[in-house]
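Take a walk through this structure, one stop at a time. Keep the sequence and the 3D view side by side.

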Amino acid sequence: MAQDCITFKGTRGGLLILLDASRDFNELRANLAAKFAAARGFFQGASFALVPTSPLSSRETAELEAICREHGLVPGTNIPLPDRYRPQKNQGKLAPATMVAGANCYSTSAVPPAGLHVAPAPAAAGAAGLSTLLEEGNLRNGQELAYSGHVVLVGNVHQGATIKAAGNILVMGTLLGSAHAGVSGDRAAVIVAYRLVPAQLSIAGVIARSPEQKTRRAYPEIARLAGDKIIVEPYLSRKPPCN
């Protein structure tokens, strides 16, 4: 399978959109629009910066920025670019990284240190003033991803892996491990996954465990608090909020 031509990275300053400029521009444009459509407005209001592996033309840059604006993102005026994401000399691709300097995130290609702790996130775009951490890759057994805002994972959460967030959790893949949203007490927090088959869920301290007979639904689902229990329902059946 070809490597994804677009990668999202959340940092303290905003959202970095990493672009493989060696790929066909039409593919880049379609892939970017598809990612935002799948996120269903989750990044609305976030600051962003395009980070191509090699320079794009002014027309290409304008077209990609227009797609971002159409989905509610705002061009960032001062988003610091971590050194390890700067193109290297005589190299057409972004340098690989296991940690993102200056960002509350880590690459899931490496096992994170035990008992990961993150600093409180600064106020940024997003519901309730929380910032959003966006990470790509799979979380495997024994790995934990924790953040003091919202968490978006483009990948799968394997059994034995855990996500913890002060806000919402969105898994753009299969959730088989554990997910704990609203860990600071936010009862409005939700957990969304393309395939929701968790070992355990919790929202604001209310815990729900998966039944012994797990059923994989062929559609995204959302878990939220209703009184003192967690309910799960099809995500696409929920009406979007009125403007």
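Which residues does S178 touch, not counting residues up to four places away in sequence? Bear in mind that the model is a predicted one. The partners are A161, T162, I163, A199 and Q200, again leaving out residues up to four places away in sequence. S178 itself sits in strand β10, which covers residues 178-181. Its relative accessibility is 15%, so S178 counts as buried, the cut-off being under 20%.

The largest nonpolar core has 27 residues. Inside this core, F8, I17, L32 and F36 have the most contacts. Several elements give two or more residues to the core: β1, β2 (15-19), α1 (25-39), β3 (47-52), α2 (58-70) and β9 (169-175). Of these, α1 gives the most, with five residues. Another core lies apart from the largest one. That other core has 25 residues, and A161 is among them, as are L133, I203 and V206. As a general point, nonpolar side chains tend to be buried together in soluble globular proteins.

Now look closely at L32. Which residues does L32 touch, not counting residues up to four places away in sequence? The list is I6, F8, I17, L64, I67 and C68.

Strand β1 deserves a stop of its own. The strand runs over residues 6-10, and K9 has its place there. Is K9 buried or exposed? K9 counts as buried because its relative accessibility is 6%, and buried means under 20%. The side chain of K9 also has a partner. A polar contact of 2.6 Å joins it to the side chain of E135.

Charged pairs come next. Side chains of opposite charge can pair when their charged atoms come close. How many salt bridges does a search of the whole structure find? The search finds eight.

Start with R29 and E63. Their side chains meet in a salt bridge at 2.5 Å, N to O. R29 lies in helix α1 and E63 in helix α2, so the pair ties together parts that are 34 residues apart in sequence. R29 is partly exposed, at 29% relative accessibility. E63 is partly exposed too, with a relative accessible area of 23%.

E63 has a further partner, R59. The closest N and O atoms of R59 and E63 are 2.5 Å apart, in a salt bridge. Both residues belong to helix α2; being four residues apart there, they are separated by about one helical turn. R59 is partly exposed, with a relative accessible area of 47%.

Helix α1 takes part in another pairing. Here K35 forms a salt bridge with E136, with the closest N and O atoms 3.2 Å apart. E136 lies in strand β5 (residues 132-136) and K35 in helix α1, so this pair ties together parts that are 101 residues apart in sequence. Both E136 and K35 are buried.

One last stop remains. D20, R23 and E27 are linked in a network of salt bridges.

How values were computed:
Residues are numbered from 1 along each chain as its sequence is written. This is a predicted model: local features need pLDDT of at least 70, side-chain atom pairs count only at pLDDT 80 or more; totals for chains, interfaces and linings use all residues. Side-chain values use heavy atoms; hydrogens and water are left out. Buried means under 20% relative accessible area, exposed over 50%, partly exposed in between (1.4 Å probe, protein chains only). A polar contact is a pair of N or O atoms within 3.5 Å; within protein, one must be able to donate a hydrogen and the other to accept it, and residues adjacent in sequence count only if both atoms are side-chain atoms. A nonpolar core is a set of buried Ala, Val, Leu, Ile, Met, Phe, Trp, Tyr and Cys residues joined through side-chain atoms within 4.5 Å. Contact means heavy atoms within 4.5 Å. A salt bridge is a side-chain nitrogen of Lys or Arg within 4 Å of a carboxyl oxygen of Asp or Glu.
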